[in-house]
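The structure is shown below.

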Amino acid sequence: MTTIAANRPAMDGKALDLTGKSGSRAFKNTLATVLIGLCFLLALIPLLWILWTVISKGYSLLFDAAWWSESQRGITVRREGGGAYHAIMGTLIMALITAVIAVPIAILGAIYLVEYGKGTKLARAVSFMIDILTGVPSIVAALFIYAVWITILGFNRVGFAVSLALVLLMLPVVLRSTEEMLKLVPDELREASYALGVPKWKTILKVVIPTAFGGIVTGVMLGLARVMGETAPLLILVGYSKNINLNPFDGFQGALPTMINQDRTELSLQPAADRVWAAALTLILLVLLLNLLARLVARFSTIKSK
Amino acid sequence: MSVNRLLRVGTVAVASLGVLALSACGSDPETSGSSTPSGSSSSAAGGDCPEGTLNAEGSSAQKNAIEEVISKYNEKCADVTVNYNPTGSGAGIKQFNAAQVDFGGSDSVLKTEGKDGAESEAAAAAKRCANNPAINLPMVIGPVAIAYNVDGLPKLILDGPTAAGIFQGTIKTWNAPEIAKLNPGVTLPSAQIAVFFRSDESGTTENFAKYLAAAGGGAWKGEPAKKWTGTGAGKEKSAGVAEGVKSTKNSITYVEWSYAVDNKLGVAQIDAGAGAVELTAESAGKALAAAKQSGTGNDLAMKLDYATKAAGAYPIILVTYEIACSKGLPAEKTALVKSFLSYFASTEGQASLTELNYAPLPEEIRTKVDAAIQSIS
């Protein structure tokens, strides 16, 4: 067969191609491989460039213990010293509140969509709304909360308002990923459970969720990572403070994105520039940490016996 | 079992999130800046220190000034936290009027006439202060330098019409007769003048255009606005224009003084008719001293005369006002506002601005501002 393939010209090689590689096909294959490889490298360039810039300019301050334990109180742009404790805490507190509100709603919503509401009108409406919510830009979410929280309810700008806006951004991300994970759970597992006489709610709690748990946690962490870098809600809904404020219900609160924004215009002054880069690197590290955590949790929580 | 796992994984997640938080209990840095013992300098700082948090927002032109003053103030009154958000003058007034901040910072005074029958800024501010008028307190003088980069020209003298001609584009070369006349005995290059302007909307641009319109003798054509209407190449922000002049021979721009100094650029002297005046903290202060008060009583809104012929006055300045309630804030906030602003307006507070290339308030204005702050109740 191979000899025939070699002897026949490529013209009517169609029927025989299955048996071996012709020169032109091998060439096309190599060409495509090279092209795709190049595209991959091209996509990698900006990523590596950003990482390299941020790390090389920002790493020095991170080795300073003060960076992790002190605020910027009393530190002006011309002065060195201080840390990002206030901003790290602000970011973590806002993210935590966001997660506490958004995650239960998102997971319960996903359970409803997959387990109970399949095909119903309400489920379709919810699904449609979530699609819309996915496309809402962060600035719109922020302005919506501004209108509700400050204009209508008359409250002040506080960290909690930022969390509310972030909930709007995190909810669709977590709900969609949870939904996909629940859909992946094979129906056979559910049916086996029903066959043993286990009620539906118990099946969901004991069979479906544990099976999908790793994926759900990954979705939550990715959602968190996404909202932690959001800047628009911070700019609109809370003032930046250089001081430590651990109360999200009162007063201005610092956060890493606004800390970067604060000294962005003073890059000609070295202490300010160093801090801006270090804050950027800290934010990237926090997000990286969350992603690693998601991986770990996913690994340790998969069902072992199959 | 799944509940157990849920619990276990949840604990891990929360614990890891909290690692940062728990590993170090955060604190404020030791203010290392100046090691002056706080006991020795108890002069004009409004006496006792209250406790609490003061929130303010507004002009970015005074950002570095107010941060410095907050830092110095905290050496004295450690229990007061002052936050300042440099989001811009317009935002400052808006947030003040919406009762989101305790005082605002603005490069222009509260407007007393509303647009198209809408409520004016001053009226809205009065409403916010429980129907007491809000007052404008001039606090920071930011001189605007005409910065240039020409080899072998350590000193350059310009007057209003010449500056207007250069920035309008009617005077095109450095050895133009108008410039030569003002700088006798100096060899000027025949090179083209490269003008840089702020491409972003800026209060500096507006103030500089106001000066060109007032002192330019008709050579300036545009209406003063936050957007540049003259000639030249645009650069973003003060850092951008300063960098542009630094890296381009035979160029000129207008920029906050501190940027001109930080970038070691030449700064033109201004001859308004009473001899050439160098830009110094003192000469910039004199321009404010020569201004007329347009507000009444404790409202120290000033009307700058950009074409002033007052001796030794450098006319191109930008004044940042703090906008505060004359009455009507809760008592504890009033105490905080008074304490902080009176330190800001004290000789000590103002003196700390000089090293940042702002100009301190001239004494006669400073005492008026101080009196106005003391009248807040």
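This is a predicted model: local features need pLDDT of at least 70, side-chain atom pairs count only at pLDDT 80 or more; totals for chains, interfaces and linings use all residues.

In β14(B), Ser106(B) has Tyr321(B) as its bridge partner. Strand β3 (residues 103-106) of chain B runs antiparallel to β14(B), and 3 bridges join the two. Strand β4 (residues 134-149) of chain B also pairs with β14(B) in the antiparallel sense, over 9 bridges. Within β14(B), Ile323(B) stands opposite Asn136(B).

| Strand paired with β14(B) | Residues | Bridges | Sense |
|---|---|---|---|
| β3, chain B | 103-106 | 3 bridges | antiparallel |
| β4, chain B | 134-149 | 9 bridges | antiparallel |

Why is strand β14 (residues 317-325) of chain B described as largely enclosed by the rest of the structure? Because 9 of its 9 residues are buried. Ile317(B), Val319(B), Tyr321(B), Ile323(B) and Cys325(B) point one way from β14(B), while Leu318(B), Thr320(B), Glu322(B) and Ala324(B) point the other way, and all are buried.

Chain A has a mean pLDDT of 88, with 92% of its residues at 70 or more. Among its elements, helix α7 (residues 159-184) of chain A has the highest mean pLDDT (95) and helix α1 (residues 2-7) of chain A the lowest (48). Over residues 1-6 of chain A, pLDDT stays under 50, and the model has 7 contacts beyond four places in sequence for them.

An unreviewed UniProt entry places the feature "domain: ABC transmembrane type-1" at residues 88-294 of chain A. That span is 77% helix and 0% strand, and its end C-alpha atoms lie 20 Å apart.

Methods: Residues are numbered from 1 along each chain as its sequence is written. Chains are lettered from A and ligands numbered from 1 in the order in which they are written. UniProt positions are given in the numbering used here, feature names are shortened, and annotations may be inferred rather than shown by experiment. Helices (H or I, at least four residues) and strands (E, at least two) are DSSP runs, numbered from the N terminus. pLDDT is the predictor's confidence in each residue, from 0 to 100. Two residues are in contact if their C-beta atoms, placed from the backbone, lie within 7 Å. A residue is buried if 20 or more other C-beta atoms lie within 10 Å of its own, exposed if 12 or fewer, and partly exposed in between; C-beta atoms are placed from the backbone. Two strands pair if DSSP finds at least two bridges between them.
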